[in-house]
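Open the structure in your viewer and keep the selection tool ready. The stops below are meant to be taken in order.

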Amino acid sequence: MSRLRTAQLKTPARVFTIVRTETPFGGVTETRQFEGVTWGDFAPRTPSDGVSGDAPSRLRQYAEFTCRSAASAVRGSVLTTRGEDWTVLSVSADADAQILITVERRR
């Protein structure tokens, strides 16, 4: 990763963790818990078709979000930026204290 400059931190993103609660009827409800806002460099990749067996194809898109603080982003949490929800696949930090968050969205 290259060293981040303030000029690169242009994109705000809200971070939510997903809280799953079992219902009395055996189901599960999911609610979002707001964790914070972080600013970073958002780099989406070109969408691709995801084919799985007999199911209809779905469009998948991956992106990387490089920032200085992850605002409690963990695998499985949701990053909302540019009006779209992205599922966090991985969070890693380097020696310069930069954080790389890899995200995915399906349509």
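This tour of a predicted model goes from a pair of strands to one residue and then to a surface patch.

Start by selecting residues 11-22, which are strand 1, and residues 28-44, which are strand 2. The two strands run antiparallel and are joined by twelve bridges.

Next, go to the turn. Five residues lie between strand 1 and strand 2, which together form a hairpin. Select Gly26 in this turn; Gly26 has a positive phi of about 90°.

Show Val15 and Leu79 to see a bridge pair, Leu79 being the partner in strand 5.

Stay on strand 1 and select Thr17. Is Thr17 buried or exposed? Its relative accessibility is 17%, so Thr17 counts as buried, the cut-off being under 20%. Show side chains here: those of Thr17 and Glu35 make a polar contact at 3.0 Å. Beyond its neighbours within four places in sequence, Thr17 is in contact with residues including Arg32, Gln33, Ser72 and Ser77.

Last, move to Val37 in strand 2. Val37 has a relative accessible area of 44% and is therefore partly exposed. Which residues make the nonpolar surface patch with Val37? Select Phe34 and Trp39 as well: with Val37 they make a patch of about 320 Å².

Definitions and conventions: Residues numbered from 1 in each chain as written. Predicted model: local features only at pLDDT ≥ 70, side-chain atom pairs only at ≥ 80, totals over all residues. Heavy atoms only, no water. Patch = residues over 30% accessible without salt bridge, like charges linked within 9 Å, V, L, I, M, F, W, Y side chains within 5 Å. Areas by Shrake-Rupley, 256 points an atom, 1.4 Å probe, with all protein chains shown as cover. Salt bridge = Lys/Arg side-chain N within 4 Å of Asp/Glu carboxyl O. Helix = DSSP H or I, 4+ residues; strand = E, 2+ residues; numbered from the N terminus. Buried < 20%, exposed > 50% of the residue type's maximum accessible area, 1.4 Å probe, protein only. Pairing = 2+ DSSP bridges. Polar contact = N/O pair within 3.5 Å; in protein donor to acceptor, adjacent residues only side chain to side chain. Contact = heavy atoms within 4.5 Å.
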